[in-house]
Amino acid sequence: MKRKLYLGIDCGTQGTKALVLDSVSGQVLGQGGAPHDLISGANGRREQDTGQWLQAFTQATHQALQAAQVDGQAILALGVSGQQHGLVLLDEQGQVLRPAKLWCDTESTPQNQQLLDYLGGEQGSLERLGLVIAPGYTVSKLLWTREHHPDLFARIAHVLLPHDYLNYWLTGRACAEYGDASGSGYFDVRQRGWDLPLLQHIDPGGRLQKALPELIEAHQPVGQIRPEIARQLGINPQAVVASGGGDNMMGAIGTGNIRPGVITMSLGSSGTVYAYADQPLISPEASVAAFCSSSGGWLPLICTMNLTNATGAVRELFKLDLDEFNNLVTQAPIGAEGVSMLPFLNGERVPALPQATGSLLGLSLTNLTQANLCRAVVEGTTFGLRYGLDLLHGNGLQGESIRLIGGGAKSPVWRQMVADIMGTPVICTEQSEAAALGAAIQAAWCESGTLHGLAELCERCVSLDRGSETRPIPAHVSAYQPIYHRYRQQVAALQE
Ligand SMILES: Nc1ncnc2c1ncn2[C@@H]1O[C@H](COP(=O)(O)OP(=O)(O)O)[C@@H](O)[C@H]1O
Ligand SMILES: O=C(CO)[C@@H](O)[C@H](O)COP(=O)(O)O
């Protein structure tokens with residue numbers, strides 16, 4: 001049967017991943033990837049050079065096409081997934097004004113607090129926007145830019161999220177789709193529209209409102225790829241660029257999470273847990289974000305800021321490769337002989353501790369081992385996800401099992417730990433790069449022009465990896481309970 005080829009690209013924090021999907025067979029034919037650097041500074045600054053995203057995009061695409069052994073001229077459409085909440089500012093000529101401030105940047109925490117006060121605190125924010133703005137969301141980055149770079153602020157012509165910017169680079173059109181836009185913090189998730197008065201408050205001159213991109217639906221195309229970019233990427237100049245979306249929204253599509261009852265957990269730079277809802281599921285709990293999905297509905301989500309970045313930091317400290325690190329985690333017993341790590345290396349969103357730093361607790365002469373420290377960081381990050389899952393459960397979101405994705409999902413020891421700490425079976429999707437897969441599926445959906453074709457595409461292109469299915473072990477579940485209880489007490493002490 002004739003193939004239909006689509007490209008899915010995910011611009012994550014640690015790198016860009018690309019894959020080629022044949023939507024007829026549902027098979028991923030080849031993949032590629034290229035890393036990104038992080039610009040870290042004092043006060044929680046976390047930024048990235050957008051030029052590096054473009055290089056990584058090109059490199060990852062070339063690699064994926066080569067690995068798939070397909071002619072790029074056969075690509076019908078492409079979809080872009082991007083890390084959420086980042087801020088990319090462009091001037092009138094479409095030039096990037098400064099490095100992109102990322103989702104994990106906590107430098108604008110004071111500005112977030114100022115905006116929260118303006119909105120009437122958590123309750124006011126919830127009533128007005130349907131979610132509580134958190135440090136890391138785009139909105140406080142705008143106020144930060146006005147205060148710290150007034151000269152650049154005066155030149156802003158386009159305010160874009162990371163995947164909007166990549167779509168702009170691909171097509172020359174500035175637009176946004178509802179899922180990613182809902183994480184900006186200047187978007188009303190109930191009404192599915194921008195909150196213009198909030199932007200007017202940040203900039204009474206009205207520049208920001210004019211700089212907002214047009215909103216399009218998830219199944220609508222942004223446009224056709226620019227010829228020079230098609231040449232650079234080595235793909236069909238007729239290829240359509242789909243709306244794309246935030247990486248979690250694309251991860252939802254790439255794990256078939258487009259109907260109620262499925263829970264996805266991502267072990268990437270961030271840790272996220274989310275589930276589809278067919279109505280705005282506004283949570284009174286500030287840490288649950290009632291984002292929109294990129295499939296026409298909503299996607300309540302919790303996000304921890306410290307996950308593989310924290311485990312990676314400990315791994316690098318001891319100069320271990322991934323296998324050595326995972327072996328050490330396996331060697332230490334549950335609870336790491338009393339060593340616990342609160343891995344809030346750069347503040348934290350869930351639990352809400354924006355100004356926190358990390359801590360190691362319970363050390364003694366007998367338990368201070370590499371293995372215990374490695375296990376403690378993995379346990380600490382996983383407890384954060386359990387904390388978030390408890391909040392989602394409190395919101396009525398349930399699932400019989402968890403679909404596990406992201407880099408960390410490749411580790412069997414971590415999968416077992418997730419199953420034990422959540423007390424729920426976990427299973428990986430065959431394609432661990434679920435956000436890139438979701439973007440490719442969305443491209444196929446968009447190119448097909450059929451509004452209702454998404455479920456059928458997910459059915460064909462998303463498969464569960466039965467070999468990865470991991471059930472909770474009852475003795476482990478019981479062993480973790482007091483340790484998780486201790487984690488909650490430690491967090492509560494930090495929140496006082
Ligand atoms: N086998 C493994 N065991 C544990 N961690 C892993 C493994 N493979 C990858 N990772 C972690 O996953 C990270 C990348 O995750 P990924 O989901 O690609 O991140 P992002 O999308 O945020 O860029 C790596 O930096 C590494 O720390
Ligand atoms: O901020 C959030 C979600 O609200 C993060 O999940 C970012 O979207 C970054 O994702 P990764 O780089 O970890 O995939």
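These legends walk you through several close-up views of a predicted model.

**View 1. The whole model, with the predictor's own scores.**
The mean pLDDT of the protein is 96, and 100% of its residues reach 70 or more. For the complex, the predictor gives an ipTM of 0.97 and a pTM of 0.96.

**View 2. The surroundings of ligand 1.**
Here you're looking at ligand 1 and the 17 residues that surround it. The closest are Gly12, Gly268, Ser269, Gly407 and Ser411. Which helix gives the largest share of this shell? That's α12, with 3 residues. Sorted by class, the shell has 2 nonpolar, 14 polar and 1 charged residues.

Now move over to ligand 2, which has 16 residues around it. Thr13, Gln84, Trp103, Gly268 and Ser270 come nearest. If you sort this shell by class, you get 2 nonpolar, 13 polar and 1 charged residues.

**View 3. Helices α12 and α14, side by side.**
Two packed helices are described by the angle between their axes and the distance between the axes. In this view, the axes of α12 (residues 308–317) and α14 (residues 370–394) come within 9 Å and cross at roughly 175°. An angle over 145° counts as roughly antiparallel, so α12 and α14 are roughly antiparallel to each other. On the α12 side, look for Ala310, Thr311 and Val314. They meet Leu373, Cys374, Val377, Val378 and Thr381 in α14. By class, this contact divides into 6 nonpolar, 2 polar and no charged residues.

**View 4. Helices α16 and α17, crossing at an angle.**
The axes of α16 (residues 434–448) and α17 (residues 454–461) come within 10 Å and cross at roughly 135°. That makes α16 oblique to α17. The crossing is right-handed. Which residues of α16 make the contact? They are Leu437, Ile441, Ala444 and Trp445, and their partners in α17 are Leu454, Leu457, Cys458 and Cys461. By class, the contact has 8 nonpolar, no polar and no charged residues.

**View 5. Two loops with backbone details to look for.**
Start in the loop between β21 (340–342) and β22 (359–361), where Pro351 lies. Is the peptide bond from Val350 to Pro351 cis or trans? It's cis, with omega near -5°. Then hop to the loop between β6 (75–82) and β7 (88–90), which holds His85. Phi of His85 is near 70°, a positive value in a residue other than glycine.

Definitions and conventions
Residues are numbered from 1 along each chain as its sequence is written. Chains are lettered from A and ligands numbered from 1 in the order in which they are written. This is a predicted model: local features need pLDDT of at least 70, side-chain atom pairs count only at pLDDT 80 or more; totals for chains, interfaces and linings use all residues. pLDDT is the predictor's confidence in each residue, from 0 to 100. A residue is near a molecule or strand if its C-beta atom, placed from the backbone, lies within 6 Å of it. Ala, Val, Leu, Ile, Met, Phe, Trp, Tyr, Cys and Pro count as nonpolar, Asp, Glu, Lys and Arg as charged, and the others, Gly among them, as polar. Axes are lines fitted to C-alpha atoms, for helices over the stretch in contact, and angles run from 0 to 180 degrees between N-to-C directions. Helices (H or I, at least four residues) and strands (E, at least two) are DSSP runs, numbered from the N terminus. Angles under 35 degrees count as roughly parallel, over 145 as roughly antiparallel, 65 to 115 as roughly perpendicular and the rest as oblique. A crossing is left-handed if the near helix is turned anticlockwise from the far one by less than a right angle, and right-handed if clockwise. Two residues are in contact if their C-beta atoms, placed from the backbone, lie within 7 Å.
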